[in-house]
Amino acid sequence: MAAKKKSAAKKKVVAKKKVAASKKAVAKKKVTAKKKVVAKKKVAAKKKVAKKTAARKKTPAAPVAGSQSLLSHFGVEPYREKRGEEYMNAKQEEHFRTILNAWKKELMEEVDRTVHHMQDEAANFPDPNDRATQESEFSLELRTRDRERKLIKKINSTIDRLDAHDYGWCDSCGIEIGIRRLEARPTADLCIDCKTLEEIKEKQMA
């Protein structure tokens, strides 16, 4: 009888160990499955961030004034002066008004596009690194658009000067700024000599 009792007790212990081992195995599988799900979510979130970054990089930046880049961007031919033609006549003013309005329109569209893009793409990423990446990208875009808003104000001021027939003359010395310089930088209000002197003074003061 004693031998039978010992044998039964051993069988119970063995059975308990088997149950405990199976429970541990099931628990490990669950933990592994959860880790895989979390890892997949992180990868998916990172892919979304990468796609958004690529989309922003594909968005064409507003053109920077310089040489003929601005004219070619808007499909405007360089102005051809005729011999003896009066400086900043009605035809020349219309030429620069076309350039300034096209530039202003593109900048405003870019600002609006950025606002809508940020509203559509804003998301609360679970990963702190993904959130930091998104915030950094948004901050960079906002700084760029802020510069463009200031440029739009400058363009509006220049168009007002055109309407007042005061465009194309140096604010410092009063001479002609020149057609080619204005085509390269339509918002210029100083001739090349006065602008150079201003930059030299700024460097000395720095």
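**Briefing: nonpolar core, aromatic pair and cysteines**

In the largest nonpolar core, which has 24 residues, Met 88, Phe 96 and Leu 182 touch the most other members. A nonpolar core here is a set of buried Ala, Val, Leu, Ile, Met, Phe, Trp, Tyr and Cys residues joined through side-chain atoms within 4.5 Å. The model is predicted: local features need pLDDT of at least 70, side-chain atom pairs count only at pLDDT 80 or more, and totals for chains, interfaces and linings use all residues. Residues are numbered from 1 along each chain as its sequence is written, and side-chain values use heavy atoms, with hydrogens and water left out.

- Two or more core residues come from each of helix H2 (69–73), helix H3 (90–121), helix H4 (128–163) and helix H5 (179–184); helices are DSSP runs of H or I with at least four residues, numbered from the N terminus.
- H3 supplies the largest share of this core, namely five residues.
- Beyond its neighbours within four places in sequence, Met 88 is in contact with Glu 93, Phe 96, Tyr 167, Gly 168, Ile 179 and Leu 182, where contact means heavy atoms within 4.5 Å.
- In soluble globular proteins, nonpolar side chains tend to be buried together.

**Aromatic pairs**

- The count of aromatic pairs is two; rings of Phe, Tyr and Trp (its six-membered ring) pair if their centres lie within 6.5 Å, with planes under 30 degrees apart counted as stacked, over 60 as edge-to-face and the rest as tilted.
- Tyr 87 and Trp 169 form an edge-to-face pair, at 5.0 Å centre to centre and 85° between the planes.
- This pair links distant parts of the chain, 82 residues apart: Tyr 87 lies in the loop between H2 and H3, and Trp 169 in the loop between H4 and H5.
- Tyr 87 is buried at 10% relative accessibility, whereas Trp 169 is partly exposed at 32%; buried means under 20% relative accessible area, exposed over 50%, and partly exposed in between (1.4 Å probe, protein chains only).

**Cysteines**

- The whole structure contains zero disulfides, a disulfide being a pair of cysteine sulfur atoms within 2.5 Å.
- For Cys 170, the nearest cysteine sulfur is that of Cys 173, 3.7 Å away; Cys 170 is buried, with 5% relative accessibility.
- For Cys 194, the nearest cysteine sulfur belongs to Cys 191, at 3.5 Å; Cys 194 is buried, with 14% relative accessibility.

**Arg 149**

- Arg 149 is found in helix H4 and is partly exposed, with a relative accessible area of 37%.
- Arg 149 and Leu 107 are separated by 42 residues in sequence and by 7.8 Å in space, C-alpha to C-alpha.
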